[in-house]
Amino acid sequence: MNHVKAFLLAALDAATNGGRRYHLWMGFLSLVMVVGAYAYSIQLREGLQVTGMTDHVSWGLYISNFTFLVGMAAAAVMLVLPAYVLGDVDFSKAVLIGEGLAVAALIMCLCFVVADLGGPFRSWHLAPGIGFLNFPRSLLAWDVVVLNGYLALNLGIPLYILWSHFMGRKPNPKRYVPFVYLSVFWAVSIHMVTAFLLAGLPARPFWNSSLMGPRFLASAFAAGPAFIILMLTVVKTNTTYHIENVAIDKLAMIATVAAQANLVMIGSEVFKEFYFPTHHGINAQYLFFGLDGHDALVGWIRTSIALNCCATLILMIHPLRKNPKWLITACLVLFVAIWMDKGLGLVIPGFVPSPLGEIVEYRPTWIEFAVTAGIWSVGLFVFTVLVRVALPIEMGETRSPYLPRHLLDHGATVGTDH
Amino acid sequence: MSTEFPSPPPEPTERELTFEDILRWQAMSRMVERSLDEQGRAEGEAVSAPACSGDGSCGCASGTPDALQPQSLGAALLEKPMGRRHALGTLVGTLLAGTQAMGACTSVLPTGEKDRERLLLEFQERLKANFRVMTDQDKEDTIRRMERLAQLKRGIHLNMTGESAQEGVIFGYAFNVSKCKGYRECVAGCIKENNQDRRTGIQFIRIFEMEGGEVDFEDGTAEYQHEVPREDHFYLGTQCFQCTNPPCVEVCPVAATWQEPDGIVVIDYDWCIGCRYCIAACPYWARRFNWAEPEVPTDQINPDQHYLGNRLRRKGCVEKCTFCIQRTRKGRHPACMEACPTGARVFGNLLDPDSEIRWIIENKKVFRLKEDLGTEPRFWYFVD
């Protein structure tokens, strides 16, 4: 019991202590969260009429961010797979960051889904036992299962490893490696399930494509590692935690290959829709060229594709990719491009025009922007806290003060003042 | 009154409210409602009295104005208790003590007895299950609660049912494209019948005006604002087609929408969590969402309601056409068909070989929308 208390105290200590920049960062995130919570309170009171959504475009910014973030969560597998399963030592230090990212992304996903619900207080209807989860018929029920399962895995595995380190033990591979294997398959499944959620709707030809799943994976495995590279760079420059350059190089390689595959698939979709345009391609026509003067997304998607091509090109040129400045620029651009493409660029055109050919465009309101920013802040807040707590333990700085002396010696100092 | 009532929960002043208490109160209030029903029956069918014309033709004892006035559970108490009412009074007393405690918990102290009763009923409504898994008693209970709430909140007397499908009936609809002139009387009739939100103007039916020759929704418009019929144009109405293979039903994560044995696809509005996946899944854009709290002026509410049909909805749930389940299960025609001045709409039982709808399907050149999707709508179009 003492150990648990010490662990929690050490965690609290790590999360609440930091330099001025750290406090400014967390204060800023908290402020955005408060604004988001205020906006959400208005939405709760007035209903979803305060959003830009309509019966025609019935999903908007929230679900767009949800689909993108599921990919971010899945991308953690790109670190887990080589580190745990293939025993690649380069990744082992980065892997906790990846899992922290997965947890943060999943929490954001769940927040976005709840924010999108018309009756959030009735979400207990989803709980098996007291509710009525329509499993396995509904793909959304599948998504509830796989997202929560993946969250449990990504909380459980790092917690076990950190706890073992905290207790001055080596984690027992027999206890956690089976779960690591499971999480690898699970990561692929969360993204496939989310893709199938959209692809399984014959009513929406824009989504009803067998390329949806693979394209989700490719774009996730480009954007995810890109984001992890950015985070690793932040950690590297701000802490003493040592991350091998080889790990970043390998991640950059993964992002490059995935970005190329993603571009090939975009090209393939564009060809199919426009070589011989049919009625089913009308949504793509709206997206890329506009329809009857309605062209809200044309600039958006073209920017996204241009950014995507630029980033991929930079990553493909070896000297540029090896140069940290170029690499960071490319990762940032790639991340933004895929967020634009996999978010609004994917969800909205599915609704415009409607299945009965009516064109109603979507424009998010300030409430949606505020809630979205708030949820992103929640995610970044969680991610920052997780990394802050995990790193000192991983570096051996924090150990349970109740351990026998010979185990304590392993770390340089005991992180807290007990 | 020989019924054994559960013992009242202990004075909940200091104690935290437990789930057990809630269940006990629920059980008690159910009994109160049942006793009230009995009482109502004893007093000349007071519960269903407003539907009676008062001339004695329906067999009820007419001329009992006091019984006609629905009284609050609490008000009944205040009168000098006698006979059965005595037992009832004790019960309601405990019940109100319970609600008081609940009020204290939520820090909203209801003032009047009606407020307390309303609060309790609303609380019970929040905990109820999916209509599909309710027992007959549960269904009866929730319907009574809703009727009582309508009385308390808006002072109106509802006549709600949860009537199930009749055997040997599967409903179908046919739409005569040659006859429709685009007057949209059906839309108006539908809104009135189905208690649609008047403020945002939710409409289940859309009439598309199309230029001669081909059925092309992209070139047609449902937003026309001019005198009809327009020359060289024809009109085609859509609504929920109650598909034989409804994609909307498959996708619902909480099974809040399903197909009834008579083919009607229904929604349990109170079970729907408002994720709107079904809206995305419908190839015919038939489903609507309550983006805001729906508003229907009290004097315009249609009191003849069905739990799965035209009862008043709340914000955050999905709704759609149910072929007027509250009418058609009683053997009447849907409101849109009754409202149509040109006779373009034909509704009937597909299993009845002598029905008009069967004759049309067998003898006319009929077509359905998006046949390639395999949804098999039970809504056919034909021309004369």
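Student: Where in chain A is Pro136(A)?
Tutor: Pro136(A) sits in the loop between α6 (95–116) and α7 (139–166) of chain A. Helices are DSSP runs of H or I with at least four residues, strands are runs of E with at least two, and both are numbered from the N terminus.

Student: What model and numbering is this?
Tutor: The model is predicted, so local features need pLDDT of at least 70 and side-chain atom pairs count only at pLDDT 80 or more, while totals for chains, interfaces and linings use all residues. Residues are numbered from 1 along each chain as its sequence is written, chains are lettered from A and ligands numbered from 1 in the order in which they are written, and side-chain values use heavy atoms, leaving out hydrogens and water.

Student: Back to Pro136(A): is its peptide bond from Phe135(A) cis or trans?
Tutor: The bond is cis, with omega near 5°. Most peptide bonds are trans.

Student: What about the bond between Val228(B) and Pro229(B)?
Tutor: That bond is cis as well, with omega about -5°. Pro229(B) is in the loop between β3 (206–211) and β4 (233–238) of chain B.

Student: What is phi for Gln242(B)?
Tutor: Gln242(B) is not a glycine, yet phi is positive, about 50°. Most residues other than glycine have a negative phi. Gln242(B) lies in the loop between β4 and α8 (247–251) of chain B.

Student: Is Gln242(B) buried or exposed?
Tutor: Gln242(B) counts as buried because its relative accessible area is 1%. The cut-offs are under 20% for buried, over 50% for exposed and partly exposed in between, with a 1.4 Å probe and protein chains only.

Student: And what about Ala255(B)?
Tutor: Ala255(B), also not a glycine, has a positive phi of about 55°. Ala255(B) is in the loop between α8 and β5 (257–259) of chain B, and is buried at 2% relative accessibility.

Student: How much of chain B is buried?
Tutor: Of its 384 residues, 52% count as buried. Chain B has twelve helices and twelve strands.

Student: Switching to Ala15(A), which residues does it touch?
Tutor: Ala15(A) touches Tyr22(A), Val385(A) and Val389(A), leaving aside residues up to four places away in sequence. Contact means heavy atoms within 4.5 Å. Ala15(A) belongs to helix α1 (residues 2–16) of chain A and is buried, with a relative accessible area of 18%.

Student: How far is Ala15(A) from Met26(A)?
Tutor: The two are eleven residues apart in sequence and 9.9 Å apart in space, C-alpha to C-alpha.
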